[in-house]
Amino acid sequence: MNVSITGDCDPEQILSTWLNSSLPGDTMTVLDLQLLLPKAPSYHPDRQSNLTTTDGVHIYRVARESCIFQVQVMMSPSDTQKIEEQIRHLLLLPYNNASITIATEDIKISRILILKCNAETCQTRKGLFEWPATSGGKNATRPCPKNPRRYATRHCKLCLSTHWMVPDLEDCPPVVETIPDLDHIKVTADNALDVVEMIAGLLRNQSTLLYQELVTVLNKLEDILKLSVVTPDLGQALINIISDILESDSNLLPFTNIILNITEAVGDRMVGYEGFSNLVASAIAISVVDVVPGQFGSLTFGVSSYRAGTKPEIFINKHPFNGTVAFISLPSVLQHSFPQNSLNQSLPRVQFQFYGIPMLFKSSEKGQTLNTFVVSASVTNASSQIKDLDEDVKVTLHHLIPNTLHRDVQCVYWNFNKNNGQGGWDDFGCRKYNSSSDYTTCLCDHLTNFGVLLDISRTQVDPANEQILTIITFVGCGVSSLFLGITVLTYTVFEKLRRDYPSQILINLSLALLGLNLAFLVNSWLSSWGLYALCVAAASTLHYFVLASFTWMGLEAVNMYFALVKVFNVYVPSYILKFCALGWGLPLMICILVLITNRGAYGSHLYTLAQPSLESLDNSDNFCWLQDNVTFYVSVVGYAAFVFLFNIAVFVVVLIQIRHMRVNSPAGTHSGLMHDLKGVVSLTLLLGLTWTVGFFTWGPARVVLLYLFSGLNTLQGLFIFFFHCLMKENVRKQWRIHLCFGRFRLEEYSGTTATHSMIQLMPRHQLTLKFTKSTVKSYTGSLC
């Protein structure tokens, strides 16, 4: 209602008197009168007034007021229109009280349908309050949790949308006085915003946070993100808290990964905005942009002049200008990674982050200084892993200290897996595009092909070749896994095939290679879960089977040496048992030693500068493998070099020995060239000599050798099946006896075969061994 009050008076008091006198007190009660506009007297000398000054000059004062109030009607609401007309008529009647006149200018009457406030539970620093359902216009009272002899009150505001007012907790002593007290507060979907306000209040006057205090606060923030709907208001409150943490004088190094993941989760889970939203605080800023697949051209994010203590100014889809401190440009080809829009699928979302506190990213490595702010970009709800883009994502950063002396600048990204999962800077796959005294532009990539297992250079290849190598790798590993499984099954099921030592060694080698292929195939899938412990497990498992494969190849060479070279006086008790202990135990000891001394050696290299999401490390393709160069070169390259040098030596000695046997064999018993070639190839595969190609994957021929390395070694299982199952006569006989029907089936035969498939080690008391043509042929033609 708007009214004009003429005369000198207190508007609120005179309005209350007028309303109570104008409306019938037996049927109507005025509740909660409020003035909506500030008191503003107006002077109108052209109007008559009942006020006269001592000098006879007339002053006319007219105050226009807007007010709102409720009328409780004590009668049947069957005819609400009639009641409204009655109220309107009574309020439009003129009112004169001595020198005071009230004139009603306009009235708006609405019926209140919500008459009470629902029961509500509120978590505050002064305790948990359970407010009961209360009628509008009434107060609810609850005892203080810490001191029940004192009380808190809360008013239920009666209006068109009747609601609770802010509770009056002045008389209640606080329950949560310090940050450790938060440990006793359970976060729920209903009290999430209350807990955020509690944390903000506790951080407001605290400049330094202890380790355990940071643990408590960050755990509560994670719980809030998991349990509540992140609205823009809640998101801004969370970003403000993170900014306060970053600006505190606290040791954040153990918590960098957690803070990055929480920040990412805020943007990923935020709802209730249209198109895009910016959340900005004094030390951090994030920007989320929803994109429509098929309509994405390009997207840029930049931060203009930023100084500590001021909020960053961000700009989207504008070219960088003087004063830009960070800039990211996403190419149009990124749209190929977006899902097709559907009713059941969320739109892809691009999120940018800016961190104005470089101290968050302290590095434990000496001699390195972060000389820029930190930015990141990620895609939520992408249809596939983002990699191998035809156009580069460019990141341009301004130097905090001008590089006037043109010192070497290194492009790095934050590797979440370094330093035992605490994170650290890494330059793997990142390269410098250009650099000046004030700016540096960086491009980063990663490796996913099989060659990474023994890539001496540990540098990237171009995206086109990397994609082809990845396809070769996964197809080859899949094919090898299938045929290695058939090989193991064949030699395990048919007892006659595994009576000799070479066949038993072949089974173990095949199992090691099968484990290697399967571990490689599932590695990317396991790493995509983004769990550091799972990534360490995947990398260590892959490391174990790589070493086990190398070890059993070396044991193949040892067995060949005993069988063909050092023939006499060789007796080893529990021969195969000792081989198994060495073949499976030595790699296990090495992996355990790495885990004990430097668990951070295992991990994955990421494409982006920061990790996305609370649970997931990254949306791009990861590969969990050895990231520490020293550990890689010692435990993989050095170990492989030792094994293969020994195998090459045995290979040469065995070939010479076989050559002598052939020269001394009777005339007319020499085998053909193809048979000799088959024997050499079989030896090469069993001894793993194709893996030596990995030692030469550098220099001008690197890409060609990577193709050769990936093709030969991913198909090693297929080759073993071909030479030691398909081309082996006694294996084919077992298949025909047990698996074939009709005319292809062979009947079971008794007795022993004329020639063994492999040369056996003799007991110590047997001093002679007779070599025959058939024995040598069998050995060289079907090595295992």
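This is a predicted model: local features need pLDDT of at least 70, side-chain atom pairs count only at pLDDT 80 or more; totals for chains, interfaces and linings use all residues.
Visitor: Before we zoom in, how many helices and strands does the protein have?
Guide: Start with the overall count: the protein runs to 784 residues, and 48% of them count as buried. Among contacts with a separation of 6 or more, 69% are between residues 24 or more positions apart. As for secondary structure, the tally is 17 helices and 27 strands.

Visitor: Let's look at α3 and α5. Are they roughly parallel or roughly antiparallel?
Guide: Helix α3 covers residues 192–204 and helix α5 covers residues 232–247, and their axes come within 10 Å and cross at roughly 25°. Angles under 35 degrees count as roughly parallel. So α3 and α5 are roughly parallel.

Visitor: What is the handedness of that crossing, and how many charged residues are in the contact?
Guide: The way α3 passes α5 is left-handed. On the α3 side you'll find Leu 193, Val 196, Ile 199, Ala 200 and Leu 203, and they face Leu 234, Ala 237, Leu 238, Ile 241, Asp 244 and Ile 245 of α5. By class, this contact of α3 with α5 has ten nonpolar residues, no polar ones, and a charged count of one.

Visitor: α5 also packs with α4. Which way do those two run, roughly parallel or roughly antiparallel?
Guide: Helix α4 spans residues 211–227, and its axis and that of α5 come within 12 Å, crossing at roughly 165°. An angle over 145 degrees counts as roughly antiparallel. Therefore α4 and α5 are roughly antiparallel.

Visitor: How many nonpolar residues does the contact of α4 with α5 have?
Guide: This crossing is left-handed. From α4 come Leu 214, Val 217, Leu 218, Leu 221, Ile 224 and Leu 225, while α5 puts in Leu 234, Leu 238, Ile 241, Ile 242 and Ile 245. No polar and no charged residues turn up in the contact of α4 with α5, and the nonpolar count is eleven.

Visitor: What about Thr 631: is it buried or exposed?
Guide: Thr 631 is in helix α12, residues 629–664. Leaving out residues up to four places away in sequence, Thr 631 touches Val 594, Asn 598, Ala 601, Leu 626 and Val 636. Its relative accessibility is 12%, and the cut-off is under 20%, so Thr 631 counts as buried.

Visitor: What is the phi of Asn 317, and how exposed is His 406?
Guide: Most residues other than glycine have a negative phi. Asn 317, in the loop between β17 (313–316) and β18 (326–330), has a positive phi of about 55° and is partly exposed at 47% relative accessible area. His 406 sits in the loop between β21 (394–398) and β22 (413–415), and its phi is also positive, near 55°. His 406 is exposed, with a relative accessible area of 62%.

Visitor: How far are the C-alpha atoms of Gly 25 and Met 74 from each other?
Guide: Gly 25 is in the loop between α1 (11–22) and β2 (28–35), and it is exposed, at 60% relative accessible area. Along the chain, Gly 25 and Met 74 are 49 residues apart, but the separation of their C-alpha atoms is 9.7 Å.

Key. Residues are numbered from 1 along each chain as its sequence is written. Side-chain values use heavy atoms; hydrogens and water are left out. Helices (H or I, at least four residues) and strands (E, at least two) are DSSP runs, numbered from the N terminus. Buried means under 20% relative accessible area, exposed over 50%, partly exposed in between (1.4 Å probe, protein chains only). Contact means heavy atoms within 4.5 Å. Axes are lines fitted to C-alpha atoms, for helices over the stretch in contact, and angles run from 0 to 180 degrees between N-to-C directions. Angles under 35 degrees count as roughly parallel, over 145 as roughly antiparallel, 65 to 115 as roughly perpendicular and the rest as oblique. A crossing is left-handed if the near helix is turned anticlockwise from the far one by less than a right angle, and right-handed if clockwise. Ala, Val, Leu, Ile, Met, Phe, Trp, Tyr, Cys and Pro count as nonpolar, Asp, Glu, Lys and Arg as charged, and the others, Gly among them, as polar.
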